[in-house]
Amino acid sequence: MSGSFLLRGGRVVDPSTGTDETADVLIRDGRIEAVGAGLSGDAEVVDCSGLVVAPGFVDLHTHVREPGREDEETIATASAAAAAGGFTAICAMPNTDPVADNAAIVEKVWALGREAGLVDVIPAGALSKGQRGEKMADIGEMVRSQARVRLFTDDGHGVQNALFARRAMEYLVAFDGIYAEHCEDEALAAGGQMHEGERSAALGLRGIPAEAEELMAARDIALARLTGCRLHLLHISTAGTVELVRRAKAEGVAVTCEATPHHFSLTDAALDEYDPNAKVNPPLRSESDRAAIVAGLVDGTIDAIATDHAPHALEEKDVEFQYAPPGLVGLETALGLALTHLVAPGHLSLLALVDRLSTTPARILGLEGQGRLSVEATANVVVFDPNATWTVDPQALSSRSKNTPFGGRTLTGRVVHTFYRGRPTVTDGAVKAGVMV
Ligand SMILES: [Zn+2]
Ligand SMILES: [Zn+2]
């Protein structure tokens, strides 16, 4: 059984009700039984004084690498990394090997997530067979599967063909599915190693212009307007894309979007030493783009913070910059980066931060009883110390891969406890023993 826990005296932050006050939270049988002052009951007491108690985080964008690249990450190790980062649900991107483009694969991913038992692993399905952008994937079958897929994407690639994008959106409307795009015009981005600008010129690396993202974002917004399909733009990175989404929302288009911690905390200056761990796709952009991402998170144009956790084996990253694959591991540094770069400088309140990390992504995915701490909600809870400082040690990460550009960096804010469906998955900062990692 999951047991009973009384989280005593923490700062309870629940964006679903606008709550930000000192209170106790009683967890029993996998649910929130009560929230209030001076609670008692037959339960294990967890002292939360000085700590924040919030609904567990929901990552809209995790690459779990299983099936296919279990040497880089498995669903069990991704789940452990997620729990360590305060997450209780992750959306698994479908660019595995084989691609998750049919019911059998998404059900396997879903079942492996259940087996690991640390977070909800919610499979996303591919839009196209093999993510080749030609034939439609088995979308209906994936929706009706046990995994009940609702977010579809060819992430890793953008859908290059506008007619295919339109057809996929038209099809998804019938299932209330979400069309999620990795916005990248491959012809414009071809051969690009980093953001196109003064720095790429100085470093002698081929650039990826902001327009490679913005053209596809604009196209998809137009197609969402045409079809009525729900559109989600993954990892947006440029000031122009933020403005496109802002205008589309004002107009009533059903569009949501996310930004990553690396895009609000780093710029292309991180490439000055040719660090392959700072090579990501979309690339780290200019300071004005970074500032626009922060502004988008502040005014809610950007709905969610998502990690784009992308594990890579050491031997693949430890090569000349131009040969390194893009991506970094992000689950375990997301909270620290957000507290350090968004909350500490006064851009976001804690309430707004928890909204972007939990409440709104849970709503986008339609996760009932998640992203909230109300009575009867699922007892997915993160307890974190907003003031603790720690230094990122890549070797200490729970993720099987260690590709982070944040190694050696000191961050403020750390997860202390995570509860998943009423069970502790992280206690005093350590992922529950006995988990296969
Ligand atoms: Zn992507
Ligand atoms: Zn991705």
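Pro 282 sits in the loop between helix H9 (261-265) and helix H10 (287-299), where helices (H or I, at least four residues) and strands (E, at least two) are DSSP runs numbered from the N terminus. A cis peptide bond with an omega of about 0° joins Asn 281 to Pro 282. Both residues will come back later in this tour.

Before going on, please note that this is a predicted model, in which local features need pLDDT of at least 70, side-chain atom pairs count only at pLDDT 80 or more, and totals for chains, interfaces and linings use all residues. Residues are numbered from 1 along each chain as its sequence is written, chains are lettered from A and ligands numbered from 1 in the order in which they are written, and side-chain values use heavy atoms, with hydrogens and water left out.

Pro 67 belongs to the loop between E6 and helix H1 (75-84).

Two loop residues have a positive phi. Asp 176 is not a glycine, yet its phi is about 55°; this residue is found in the loop between H4 and E10. Asp 176 counts as partly exposed because its relative accessibility is 43% (buried means under 20% relative accessible area, exposed over 50%, partly exposed in between, using a 1.4 Å probe and protein chains only). Arg 421, also a residue other than glycine, has a positive phi near 50°. Arg 421 lies in the loop between strand E17 (410-420) and strand E18 (423-427), and with 36% relative accessibility it counts as partly exposed.

Donors are N, O and S atoms within 2.8 Å of the metal (3.2 Å for Na, K and Ca); water is not among the atoms, so sites may look incomplete.

| Zinc ion | Protein donors | Distance from the ion |
|---|---|---|
| ligand 1 | Asp 155 (OD), His 182 (ND1), His 235 (NE2) | 2.0 to 2.1 Å |
| ligand 2 | His 61 (NE2), His 63 (NE2), Asp 155 (OD), Asp 308 (OD) | 2.1 to 2.3 Å |

Which residue bridges the zinc ion (ligand 1) and the zinc ion (ligand 2)? Asp 155 does, and the ions lie 3.4 Å apart. Asp 155, in the loop between E9 and helix H4 (162-173), and His 182, in the loop between strand E10 (178-181) and helix H5 (186-189), link distant parts of the chain, 27 residues apart. Asp 155 counts as buried at 2% relative accessibility, and His 182 counts as buried at 3%.

Why is the arrangement around the zinc ion (ligand 2) irregular? Its 4 donor atoms subtend angles of 82 to 167°, which makes the arrangement irregular. By definition, four donors count as tetrahedral if all angles lie between 85 and 135 degrees; four count as square planar and six as octahedral if opposite donors are over 155 degrees apart and all others between 65 and 115; anything else is irregular. Along the chain, the donors of the zinc ion (ligand 2) follow the spacing H-x1-H-x91-D-x152-D. His 61 lies in strand E6 (residues 57-62) and Asp 308 in the loop between strand E15 (304-305) and helix H11 (314-317), so the pair ties together parts that are 247 residues apart in sequence. Both His 61 and Asp 308 are buried.

## Pockets and a cavity

On a 1 Å grid over the protein atoms alone, a cavity is a set of points where a 1.4 Å probe fits but cannot get out, and a pocket is an open set with protein on both sides within 12 Å along at least five of seven lines; lining residues have an atom within 4 Å of a point. Grid points are joined across faces, edges and corners, and a volume is the space filled by probe spheres set on the points.

The largest pocket has a volume of about 670 Å³. Of its 29 lining residues, Trp 110, Ile 122, Ala 147, Arg 148 and Leu 367 are the closest to its centre. E8 gives the most to this lining, with 4 residues. Domain 1 (4-53 + 377-431) and domain 2 (54-365) both give residues to the lining of the largest pocket, so it lies between them; the domain bounds come from an automatic or database domain assignment.

The second largest pocket has a volume of about 530 Å³. Among the 28 residues that line it, the closest to its centre are Gly 156, His 157, His 182, Asn 281 and Pro 326.

The largest cavity has a volume of about 50 Å³. Its lining includes His 182, His 235, Asn 281 and Pro 282.
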